[in-house]
Amino acid sequence: MAPGGLDPAFAEQFAQIRQTFILGLAKRESEIEHAPTRADLNAALHRLAGAAGAFGFEDLSQLARSVMEASHHDDEVHLLKVMAELKQTLKTIRSTG
Amino acid sequence: MTDDNLSSDKVALLLAGLRKEYLARLPAELEALEKLAHGLGGVDADRPLLDEIHQRLHKLTGTGGTFGFSDLSAQARVLEYRVKAWVSGSMQGVDDQLRQVFLLELGKLKEHLSEKSIPIVPAPVVHTRVEQTPGKVLNIWLVEDDNELGRWLSCQLASFNYVTSLFTRLADAEAAAHNGQPDLLILDVLFDEEGENSTQILDFYPNLKKMSCPLFFISAMDDFQSRIRAVKLGAVGYILKPLDVPRLVGRMTKVIERRNAPPQRVLIVDDDIDLAAHYRLVLLAAGMEVEILHQSEHIIEKISAFRPELVLMDMHMPDYSGADLAGVIRQYDNLQSLPIVYLSVETDLDRQIEAMSRGADDFLSKPISDRRLVAAVNARVERARYHEGQENRDSLTGLLKHASIKEAIVLEVLRARRTGKPVSVAMLDIDHFKKVNDTYGHAAGDLVISAVALLLRQRIRQSDIAGRYGGEEFAAVLQDCDAQNAHLLLENIRQSFANLRFNHEGKEFSCTLSAGLACSLQYPGSSGTELLIASDEALYAAKHGGRNQIKIASANSRAEIK
């Protein structure tokens with residue numbers, strides 16, 4: 001094993017990817033809000049759920065999945081509720097990073 | 001393509017830095033939480049406030065755990081569940097007293113930040129691979145008091161690209177160990193002059209004992225106690241004298257090959273750019289080679305070029321679903337056993353099962369932790385490698401079997417046509433092999449065959465492929481190799497093989513081999529099968545030319561191929 005010595009490249013790459021994700025949240029939210037079809041909505045939610053989980057945003061991931069479920073089951077009331085929570089969470093993350 | 005390998009130390013340092021940053025932000029976060037909690041009034045209007053508190057506690061539970069603050073995480077979870085229960089119930093029950101207790105416990109969270117409660121974060125999985133290009137020289141240290149035997153063994157080992165440093169005493173090797181380490185250490189068990197048994201006294205030679213390279217013992221004595229001690233010392237082999245060099249080298253090579261297995265190749269198919277980038281980095285850090293597919297239509301080309309050992313497939317993609325792509329992959333004969341693993345948010349069990357019936361082997365649910373992803377991919381690739389070996393490889397030599405090498409040659413020649421680089425096909429055959437079997441028996445014959453296979457495996461590159469074509473016949477396809485270079489390689493093998501001394505029940509004998517080769521440059525437009533036939537004709541010419549020689553096929557001298 002090579003001797004220890006700070007190699008910023010690796011951690012920096014991880015951090016950069018994470019930052020890109022956070023910056024891209026506005027676009028993702030827009031995709032969700034303005035999805036033309038249900039298929040598009042599901043695709044956008046699916047992507048968000050997956051990516052959010054990988055970057056440590058567990059609740060965001062869970063919410064995205066909840067919205068997918070609510071949409072799948074045609075539960076209007078619940079859909080609106082979780083959608084609101086999702087937006088709130090997105091807002092929180094974007095402001096606190 | 002691989003990024004630079006990273007040491008565990010470096011990555012651990014980086015993570016420690018990230019953890020420090022997190023620790024620096026925590027006090028402010030906890031303070032904010034407490035402030036929020038103070039705003040609770042025990043009324044229904046509290047709900048949105050409670051939701052926020054719940055969310056923050058949830059985050060603390062998750063990230064606290066990730067950064068190794070397990071006490072903090074556990075406590076935060078307890079409080080999180082409590083708040084969750086309040087939210088889903090009636091606010092009436094949340095009286096003054098309960099709220100006070102909650103506030104108190106919230107305040108206690110910051111106690112889990114003190115130095116003494118910070119646990120050691122286990123180092124992440126980072127692989128360091130010993131770079132070994134086939135044909136590269138490996139260093140062996142041999143400690144053997146019989147100088148003549150030592151020199152004989154060194155000479156034999158040289159044929160297999162092993163450079164031996166000879167020591168007659170353990171003390172000499174111990175001293176040399178201050179300045180370096182070999183790739184492999186071989187120790188004789190009995191040292192007559194000193195009257196010592198190395199398995200008993202290795203403790204007195206700490207440098208030798210703590211070497212991280214594989215250790216072999218050789219001995220004229222088949223002594224159970226010594227064998228047990230050898231095992232306890234972590235030796236990977238205990239070989240009896242008189243030494244059978246091909247057998248010894250076979251064992252040595254297996255051990256070294258296992259250590260230097262090529263990196264696992266993984267293809268990620270996911271339309272989320274951020275996520276794919278993150279997964280790729282995680283797998284890269286674990287020592288794998290990773291590529292990402294952006295355009296799904298090109299999946300087959302990508303698989304042909306990159307030859308992944310596993311495909312991580314997202315199920316839901318805008319243009320083509322993961323299940324459909326898996327279906328296309330399975331349409332190809334040679335891709336039947338390529339492991340396809342769905343990585344998807346899909347939580348519905350029925351839909352997961354249905355997806356698996358469309359050609360995938362397994363299902364991993366997103367989100368997935370980095371460690372779990374690495375473990376899951378690693379396990380599946382290793383299992384696939386094992387099965388591929390069992391199915392396609394000859395058990396004696398570890399080379400591809402007849403059908404597999406033929407197929408490989410066809411594919412490799414096709415690939416070479418695409419890249420425009422020359423490719424050579426070679427056929428090798430042991431001379432007078434029947435005589436070896438008749439004179440010394442089949443066990444001896446097997447050893448001779450193993451020796452040729454070993455030489456082949458050691459000399460060819462990662463991009464080359466070799467197989468056992470028949471009983472004593474071998475075939476190989478060499479990428480980016482013209483006739484001259486192929487000839488050089490085969491000459492090298494021919495000479496090394498001729499220099500080997502096999503030992504059967506005290507009788508020493510040697511063997512030779514003949515070979516023929518054909519290069520695509522002399523046979524433009526020829527298929528792999530045609531090149532194989534041409535190389536076979538060249539082999540025939542070598543046999544008839546007196547054996548123990550290599551012949552290059554030339555289009556002029558050959559009969560017309562239909």
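B:Cys519 counts as buried in this predicted model, at 0% relative accessibility; buried here means under 20% relative accessible area, with exposed over 50% and partly exposed in between (1.4 Å probe, protein chains only). Its sulfur lies 7.3 Å from the closest cysteine sulfur, in B:Cys481, which is too far for a bond. A disulfide is called when a pair of cysteine sulfur atoms sits within 2.5 Å, and by this rule the count over all chains is zero. In general, a disulfide is a covalent bond between the sulfur atoms of two cysteines. B:Cys213 counts as buried too, at 9% relative accessibility.

Residues are numbered from 1 along each chain as its sequence is written, while chains are lettered from A and ligands numbered from 1 in the order in which they are written. As this is a predicted model, local features need pLDDT of at least 70 and side-chain atom pairs count only at pLDDT 80 or more, whereas totals for chains, interfaces and linings use all residues; side-chain values use heavy atoms, with hydrogens and water left out.

Now for the two chains. Chain A has five helices and zero strands, where helices (H or I, at least four residues) and strands (E, at least two) are DSSP runs numbered from the N terminus. Read from the N terminus, the elements of chain A go α-α-α-α-α. Of its 97 residues, 41% are buried. A contact means heavy atoms within 4.5 Å, and among the contacts in chain A between residues at least 6 apart in sequence, 48% join residues at least 24 apart. The accessible surface of chain A is about 5,100 Å², with 57% of that belonging to carbon and sulfur atoms; such areas come from the Shrake-Rupley method with a 1.4 Å probe, and for residues only the protein chains shown count as cover.

Chain B has 20 helices and 19 strands, and 48% of its 562 residues count as buried. For contacts in chain B with a separation of 6 or more, residues 24 or more positions apart account for 69%. Its accessible surface comes to about 27,300 Å², of which carbon and sulfur atoms hold 51%.

What sits inside? The largest nonpolar core has 56 residues, and those with the most contacts inside it include B:Tyr162, B:Met252, B:Val448 and B:Phe474. A nonpolar core is a set of buried Ala, Val, Leu, Ile, Met, Phe, Trp, Tyr and Cys residues joined through side-chain atoms within 4.5 Å. Helix 18 (residues 442-459) of chain B gives the most to this core, with nine residues. A second, separate core of 53 residues includes A:Leu25 along with B:Ile268, B:Leu281 and B:Leu283.

Leaving out residues up to four places away in sequence, B:Phe474 touches, among others, B:Leu399, B:Ala426, B:Ile449, B:Leu456 and B:Arg468. B:Arg468 stands opposite B:Phe474 in strand 15 of chain B. Six of the seven residues of strand 15 (residues 473-479) of chain B are buried, so this strand is largely enclosed by the rest of the structure. Strands pair if DSSP finds at least two bridges between them. Strand 15 of chain B runs antiparallel to strand 13 (residues 423-430), with seven bridges joining the two; B:Val423 has B:Gln479 as its bridge partner. Strand 14 (residues 465-468) of chain B is antiparallel to strand 15 as well, through four bridges, and these two form a hairpin with four residues between them.

B:Lys543 is found in helix 20 (residues 528-544) and counts as buried at 15% relative accessibility. Beyond four places in sequence, B:Lys543 touches B:Asp429, B:Ile430, B:Asp431 and B:Ser514. B:Ser296 is in the loop between strand 9 (289-293) and helix 12 (299-306), and is buried with a relative accessible area of 11%. B:Ser296 touches B:Tyr320 and B:Leu325, not counting residues up to four places away; the C-alpha atoms of B:Ser296 and B:Leu325 are separated by 7.8 Å, although the two are 29 residues apart along the chain.

As for confidence, pLDDT is the predictor's confidence in each residue, from 0 to 100. Chain B averages 84, and 90% of the residues score at least 70. Residues 1-8 of chain B stay under 50, with 24 contacts beyond four places in sequence; residues 558-562 also stay under 50, with five such contacts. Where pLDDT is low, the predicted coordinates should not be read in detail. For the complex, the predictor gives an ipTM of 0.75 and a pTM of 0.56.
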